[in-house]
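User: I am new to reading protein models, and I would like to learn how to look at a few features one after another. Could you take me through them slowly?

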Amino acid sequence: MERYLFDLNGYIILRGALSPDEVSACNAILDTLQDVQPGEWRGCVHGHHFIGAHEGLNLQQIYEAGPAFETLIDHPSWIGRVLHFLGTDEANFDGLHGPCFIDENFASIRGPGQAIGLHSGGARRVTRCQFRYHDGRFHCGQINILVAFNRIGAGDGATMVIPGSHKSNLEHPEFEAAAMADTATSVDGVTGAVEVHLEAGDALLFVDAIMHGSAARRNPGQRRVAVYRYGPSWGFFRHNYRPSHELLDRLTQSRRDIVMPHKPPQHPPGTGQ
């Protein structure tokens with residue numbers, strides 16, 4: 001049923017993916033990082049905006065923030081599903097590449113009035129974010145895990161998606177009109193968009209090809225999530241961030257193979273390399 005609903009809608013919800021203790025451990029770390037400013041480094045975590053302050057604070061390289069976020073790299077609640085939808089699980093592994101690769105990972109903290117606009121969609125398909133099913137197997141270019149660290153309900157700035165839009169061949173008319181007017185497209189009120197409400201510890205698994213964004217938060221307090229983006233192991237980093245040597249040294253081999261799957265280069269003898 002999960003495979004059917006993912007193919008149909010482009011996303012599934014994993015209820016109770018994290019335990020209360022795991023949620024608490026992540027929130028304790030975010031408590032120490034919520035005052036980071038865009039452009040500021042706190043250890044190996046970087047404050048960041050995609051576009052501007054209206055989208056809230058992104059904490060890039062959040063897997064550098066400590067064991068609670070390292071656990072999310074290959075968390076058993078979702079890693080098997082991620083590999084299946086990428087097409088690199090054990091049943092389909094071709095032996096030529098590693099299992100997968102995280103090309104971006106960040107925590108997002110949003111307050112009242114903050115949101116991110118509608119983006120992506122099947123009509124804007126690119127190889128990196130493609131949705132594909134062939135010969136009985138999924139071959140998706142990017143599978144995202146968005147995990148909630150507090151309850152996200154009505155008015156809380158929930159992630160919104162347009163179910164089935166990962167297969168769309170046509171530009172959404174409202175999105176197209178906004179693009180022509182050179183204005184940002186708020187996801188609030190867009191035809192076909194639905195809010196995905198999550199409890200603390202729930203995770204949203206979705207293919208990046210689906211049209212998605214978030215509603216503006218109207219309630220007091222914060223919306224806290226983390227996003228880990230998984231793709232094929234032959235991919236490369238979206239931004240110019242790289243995992244620290246300290247992180248790589250302390251990771252298990254299986255997690256290191258996901259964070260930095262590229263093997264050392266080979267050179268001919270005598271080249272001085």
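This is a predicted model: local features need pLDDT of at least 70, side-chain atom pairs count only at pLDDT 80 or more; totals for chains, interfaces and linings use all residues.

User: How should I read aromatic pairs, and how many aromatic pairs does the count come to?

Analyst: A pair of aromatic rings is described by the distance of the centres and the angle of the planes. In this structure the count comes to eleven aromatic pairs. The rings of Trp41 and Tyr241 have centres 6.0 Å apart and planes at 80°, so this pair is edge-to-face. Because Trp41 lies in strand 2 (residues 41–42) and Tyr241 in the loop between strand 13 (223–231) and helix 6 (245–250), the pair ties together parts that are 200 residues apart in sequence. Trp41 is partly exposed, with a relative accessible area of 47%, whereas Tyr241 is buried at 9% relative accessibility. The rings of Phe236 and Phe237, with centres 5.2 Å apart and planes at 75°, also form an edge-to-face pair; here Phe236 is partly exposed at 45%, and Phe237 is buried at 9%. One aromatic cluster is formed by Phe6, Phe85, Phe131, Tyr133 and Phe138.

User: Which residues have the most contacts inside the largest nonpolar core?

Analyst: A nonpolar core joins buried residues through side-chain atoms within 4.5 Å. The largest one has 65 residues, and those with the most contacts inside it are Phe6, Leu59, Phe69, Trp78, Tyr228 and Tyr230. Leaving aside residues up to four places away in sequence, Trp78 touches Leu14, Ala17, Leu18, Leu72, Ile145, Ala203 and Tyr230.

User: Where is Gln61 placed, and is Gln61 buried or exposed?

Analyst: Gln61 sits in the loop between strand 4 (57–60) and helix 3 (67–70), and it is buried at 4% relative accessibility. Its phi is near 65°, a positive value in a residue other than glycine. Asp135, which is not a glycine, has a positive phi of about 50°. Asp135 is found in the loop between strand 6 (133–134) and strand 7 (137–138), and is exposed at 68% relative accessibility.

Terms used. Residues are numbered from 1 along each chain as its sequence is written. Side-chain values use heavy atoms; hydrogens and water are left out. Helices (H or I, at least four residues) and strands (E, at least two) are DSSP runs, numbered from the N terminus. Buried means under 20% relative accessible area, exposed over 50%, partly exposed in between (1.4 Å probe, protein chains only). Contact means heavy atoms within 4.5 Å. Rings of Phe, Tyr and Trp (its six-membered ring) pair if their centres lie within 6.5 Å; planes under 30 degrees apart count as stacked, over 60 as edge-to-face and the rest as tilted.
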